[in-house]
Amino acid sequence: MTAKKTEANQCNDQESTSPRMLSGADIVIQTLVNCGVDTIFAYPGGYSMPLHQAMTRFRDKVRVVLPRHEQGGGFAAQGYARATGKIGVCMVTSGPGAMNLITSIADAKLDSVPLLAITGQVNTDTIGSDGFQETPTTEVCRSITKHHYLVTDINDLVRTIKEAIFVATTGRPGPVLVDLPKNIQVQQCYPNYEATMNLPGYSDQNHQPSAAELDLIVESIKRSRRPVLFVGGGVVNADASDYLRRIVEKTHIPVTTSMTGLSAFDRNDYRSLGMIGMHGTVCANRAVAECDLLLALGVRFSDRVTGKVSEFAKSARIIQIDVDPSEINKVKKTQVAIACDLADALGALDAALDDHFEPSNLDSWYEKIDQWKKEYPVSYDENSPYILPEHAITELWKATKDLNAIITTGVGQHQMWTTEFYRFSRPRTWISSCGLGTMGFGLPAAIGAKIACPDRLVVDIDGDGSFQMNIQEMATCFTENIPVKVMLLNNQHLGMVMQWEDRFYKKNRANTYLGCVNDPEAFGQGDGVSPKHRFPDYIAVAAGYGWEALSISKKEELPGAIQTMIASTHPFLLDVQVPYFEHVLPMTPPGGTIADMILK
Ligand SMILES: Cc1ncc(C[n+]2csc(CCOP(=O)(O)OP(=O)(O)O)c2C)c(N)n1
């Protein structure tokens with residue numbers, strides 16, 4: 001296999017001359033080290049103990065982080081991977097450990113994150129007998145992984161680990177599962193670290209855009225009077241943002257992004273339309289509805305983006321470029337489709353837009369766009385006496401915009417407000433569970449990002465529902481000395497579900513209040529501002545986990561509190577008490593069109 005330089009094939013085979021018999025577990029860890037892995041998020045159990053024992057022999061080469069729940073470990077590995085583009089590695093025991101990891105794996109699949117999940121398994125002679133802590137992990141994970149292995153021969157270990165990392169990190173990245181029976185971990189053999197990969201039918205050598213294809217794109221750009229660049233996570237994953245910026249400089253085409261693509265283009269640039277989709281800006285949604293050319297780059301036309309598919313970009317010629325051929329024409333029929341690595345494609349397009357290229361006059365298109373921006377700005381009531389969540393995010397953005405901070409989130413209203421009010425300008429600074437929308441993602445993802453980028457500020461903007469889903473990872477931060485920051489938008493509710501209750505269920509409260517059920521707020525009879533007794537007491541929780549913390553409810557306290565949080569060298573929880581009456585707007589109801597957009 002001829003392969004580009006990637007994580008896996010950068011494997012350093014220097015240990016290959018080792019004459020020593022080694023256990024399967026040691027061989028696995030040595031192979032990971034050879035492949036450049038420096039951090040493993042691992043929670044032990046009976047069927048993965050040999051791997052943990054082996055890791056103690058590699059303490060100088062691999063940092064092993066003990067999460068407090070396997071799901072937290074999986075999300076932390078994702079945070080590491082999303083911040084760097086490198087493989088994120090997590091390890092768990094069989095059965096319950098593996099099942100606790102499932103959500104993190106599915107999450108990585110939907111957002112195309114390079115994740116290696118290593119699971120312990122019962123002995124090969126027990127498999128299929130409903131043994132203690134046995135689950136058919138590869139079967140369960142078959143459709144939520146890019147690839148999966150059950151290793152039944154110790155001699156396959158080196159090849160399998162190399163292949164797993166190679167598959168996870170090349171092409172469209174994704175999660176790969178390696179299930180390791182305990183007897184394979186404890187058996188011994190003479191390792192051959194030069195074992196080569198054997199992946200018939202899989203190659204990272206993808207199509208290069210031809211001159212004819214590039215001509216077609218350039219001609220389409222020249223002819224278009226209302227073009228839009230629709231940019232997705234594929235551009236971030238391919239580290240192709242610089243090419244994108246150069247193309248925009250040359251063509252002046254306005255840019256909208258999907259949620260995963262949010263950090264691919266500077267939101268402060270006048271050509272940025274903001275995010276598209278259900279909670280996208282009016283401007284972005286209108287522009288796509290009216291454009292005559294849509295250049296769809298590394299996007300998958302998710303239902304949250306398109307709404308009613310037949311109405312999406314109805315009058316546009318659509319050119320789609322995606323590394324994964326199975327995405328081409330999957331949801332939306334396109335006129336030109338190129339299955340190609342985004343860095344290759346955008347690099348070639350940048351070169352094709354040479355000195356002879358004359359950008360079209362887009363003045364009247366920008367007049368419209370500017371009018372939409374003026375008429376429907378992303379805004380909130382700045383005069384509110386309360387700390388509105390939108391205001392808190394805006395203040396955080398102001399305080400951190402020059403710090404190259406990494407922002408993670410949970411899932412819910414706070415996540416959507418972050419897409420609106422935190423104006424991302426650099427790739428890989430936005431880490432969120434976009435496709436699966438998994439609450440509990442923010443804190444563990446921040447841990448992984450902080451370990452990968454220890455010199456950067458990492459802030460989890462979280463909701464109180466989401467934060468409590470992996471709150472136990474506060475312990476990991478304290479014990480491992482990982483100084484992440486959490487800005488908690490504490491509205492005492494499952495805000496996004498409550499918003500749907502307000503909009504679509506006549507405000508009937510049905511288990512969306514996070515306080516005590518005998519509180520009037522539980523039934524929607526409060527003033528919508530400040531439940532009397534906030535629960536839990538986050539200052540007490542933080543103290544229990546050894547965190548620094550501040551709780552604020554007054555608007556004037558916010559800037560100072562944010563500065564205190566940033567300045568702290570410890571894990572820090574900023575509990576911001578916000579009202580719960582705010583709705584994330586605009587909003588296009590599921591399956592709706594631009595005409596159905598709720599503006600207030
Ligand atoms: C694991 C999981 N369970 C349930 C949901 C459904 N859900 C989506 S948003 C939301 C509420 C989130 O509340 P919170 O984290 O407090 O954020 P807020 O919306 O209040 O900002 C729920 C329950 C989900 N996305 N993920």
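T145 is found in the loop between helix α5 (137-141) and strand β6 (147-150), where helices (H or I, at least four residues) and strands (E, at least two) are DSSP runs numbered from the N terminus. The model is predicted, so that local features need pLDDT of at least 70 and side-chain atom pairs count only at pLDDT 80 or more, while totals for chains, interfaces and linings use all residues. Residues are numbered from 1 along each chain as its sequence is written, and side-chain values use heavy atoms, with hydrogens and water left out.

At 6% relative accessibility, T145 counts as buried; buried means under 20% relative accessible area, exposed over 50% and partly exposed in between (1.4 Å probe, protein chains only). The side chain of T145 reaches the backbone oxygen of R142 at 3.4 Å, and a polar contact of 3.4 Å joins the side chains of T145 and H148. A polar contact is a pair of N or O atoms within 3.5 Å; within protein, one must be able to donate a hydrogen and the other to accept it, and residues adjacent in sequence count only if both atoms are side-chain atoms. Not counting residues up to four places away in sequence, T145 touches I105, K109, P175 and L177, contact meaning heavy atoms within 4.5 Å.

An open sheet of six strands has the order β11-β10-β9-β12-β13-β14, with parallel pairing; two strands pair if DSSP finds at least two bridges between them. Strands β11 (272-275) and β14 (336-339) stand at the edges with a single partner strand each, so one side of each is left without a neighbour in the sheet. From one strand to the next, the twist averages 15 degrees; axes are lines fitted to C-alpha atoms, for helices over the stretch in contact, and angles run from 0 to 180 degrees between N-to-C directions. Five bridges join the parallel strands β12 (residues 293-297) and β13 (residues 317-322), and L297 stands opposite I321 in β13. Helix α8 (residues 211-223) packs on this sheet, touching β12, β13 and β14, and its direction makes about 140 degrees with that of β13. Helix α11 (residues 282-290) also packs on the sheet, where it touches β9 (227-231), β10 (255-257), β11 and β12, at about 105 degrees to the direction of β11.

Another open sheet has six strands in the order β16-β15-β17-β18-β20-β19, again with parallel pairing. Its edge strands, β16 (430-431) and β19 (548-552), each pair on one side only. Two bridges link β15 (residues 406-409) to β16 in the parallel sense, and I407 stands opposite W430 in β16. Helix α17 (residues 442-452) packs on the sheet against β15, β16, β17 (458-463) and β18 (485-490), its direction making about 175 degrees with that of β17.

In helix α22 (residues 558-567), the residues L558, A561, I562, M565 and I566 are buried. Seen down the axis of α22, its buried residues fall within an arc of 135 degrees, so they line one face of the helix; the arc is that of the directions from the helix axis to the C-beta atoms. These buried residues pack against α15 (389-400), β17, β18, β19 and β20 (572-577).

Around the ligand are 17 residues, of which Q413, G437, G465, S466 and G495 come nearest; a residue is near a molecule or strand if one of its heavy atoms lies within 4 Å of it. A polar side-chain atom of D464 lies 3.3 Å from an oxygen atom of the ligand, and a side-chain N or O atom of N491 is 3.0 Å from a ligand oxygen atom.
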